[in-house]
Amino acid sequence: MLDSCLIITAALFGAAVIYLKNFFTVPSIKPKPDIHKKDYKKDVVYLYQMKRLKNCPNLSPFCMKIEILCRIFKIPYEIITCTSERSRNGLVPFVELNGEHIADSDLIEMRLRSHFKIPSLPTELETQSVALSKFADHHLFFVLIRFKIAVDEFYKTIIEIIGLPTFLNFLLMPLLKAIIGKNVYNKCQGAIGDFELSELDEILHRDLRIVENTLAKKKFLFGEEITAADATVFSQLATVYYPFRNHISDVLEKDFPKLLEYCERVRHEVYPKDFTM
Ligand SMILES: N[C@@H](CCC(=O)N[C@@H](CS)C(=O)NCC(=O)O)C(=O)O
């Protein structure tokens with residue numbers, strides 16, 4: 001009896017110490033993982049990303065953005081399809097460049113632009129371009145993904161990417177909805193707030209109007225030449241429009257045909273032959 005009391009007290013004390021240690025630990029970034037590509041070629045970007053889809057180069061707008069940046073700026077790159085590999089932040093994409101692990105598409109873009117000496121736009125346009133890109137990655141993305149996770153095709157596509165057997169869909173679908181669906185929903189709530197789908201639709205229209213007004217009558221967002229902002233904004237729109245139908249497909253077709261024409265323009269410019277496979 002005394003023994004079991006001592007064990008329970010020790011266990012409770014241990015749990016309290018662990019809880020308090022975690023409570024008072026200031027969060028900090030994890031160390032960089034070892035690089036995977038040991039026999040790398042100098043100045044080649046090794047881009048770790050999700051598996052390609054048949055009808056769109058990627059389901060992740062952040063992975064697609066980096067591939068497009070490499071293509072438009074003629075940066076030599078090699079794609080490495082991730083299975084379990086993740087960045088120091090637990091996400092994809094990440095790159096390895098000359099033996100360095102670089103995580104997060106924002107930082108990757110900055111590093112690539114400085115390493116490969118990619119010229120910026122004139123100051124005023126560059127400022128607008130960065131602001132529009134951040135709006136796309138940190139606001140529009142969350143609005144779009146709320147609609148993306150609302151359809152079964154999203155989870156079916158994830159099952160295909162992971163390579164799980166489709167005959168198990170009846171079990172996997174509710175599981176993925178419970179894990180990934182909830183996780184994404186919570187992230188959206190933290191990033192942009194919580195909204196009913198009808199309210200979110202108003203926000204979606206306002207956000208797409210911002211992109212449409214920036215584009216105006218131009219070929220690309222900042223003129224006749226494709227730029228980094230096109231890589232970011234197009235990737236956000238393309239990864240919800242091309243993989244499978246959802247509410248955004250209807251909205252783009254009905255209310256924003258000019259944005260769809262723009263998507264087709266970027267698609268032909270960047271992936272003249274290999275958008276689908
Ligand atoms: N801020 C990050 C966002 C990257 C991100 O959210 N990646 C998602 C895919 S869209 C991810 O890796 N999710 C977890 C996973 O796939 O394991 C960036 O710009 O790279």
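Across the domain boundary, 22 residues of domain 1 are in contact (heavy atoms within 4.5 Å) with 24 residues of domain 2. Keep in mind that this is a predicted model, where local features need pLDDT of at least 70, side-chain atom pairs count only at pLDDT 80 or more, and totals for chains, interfaces and linings use all residues. Numbering runs from 1 along each chain as its sequence is written, and side-chain values use heavy atoms, with hydrogens and water left out.

**Domains**
- Domain 1 covers 45-115 and domain 2 covers 123-270, with bounds from an automatic or database domain assignment.
- Their centres, taken over C-alpha atoms, are 18 Å apart.

**Around the ligand**
- The residues around the ligand (a heavy atom within 4 Å) are Met 50, Ser 60, Phe 62, Arg 86, Leu 91, Val 92, Pro 93, Asp 104 and Ser 105.

**Polar contacts (N or O pairs within 3.5 Å)**
- For the side chain of Asp 104, an N or O atom is 3.0 Å from a nitrogen atom of the ligand.
- Ser 105 has a side-chain N or O atom 2.6 Å from an oxygen atom of the ligand.
- On its own the ligand exposes 500 Å², and the protein buries 74% of that (Shrake-Rupley method, 1.4 Å probe).

Note on methods:
A polar contact is a pair of N or O atoms within 3.5 Å; within protein, one must be able to donate a hydrogen and the other to accept it, and residues adjacent in sequence count only if both atoms are side-chain atoms.
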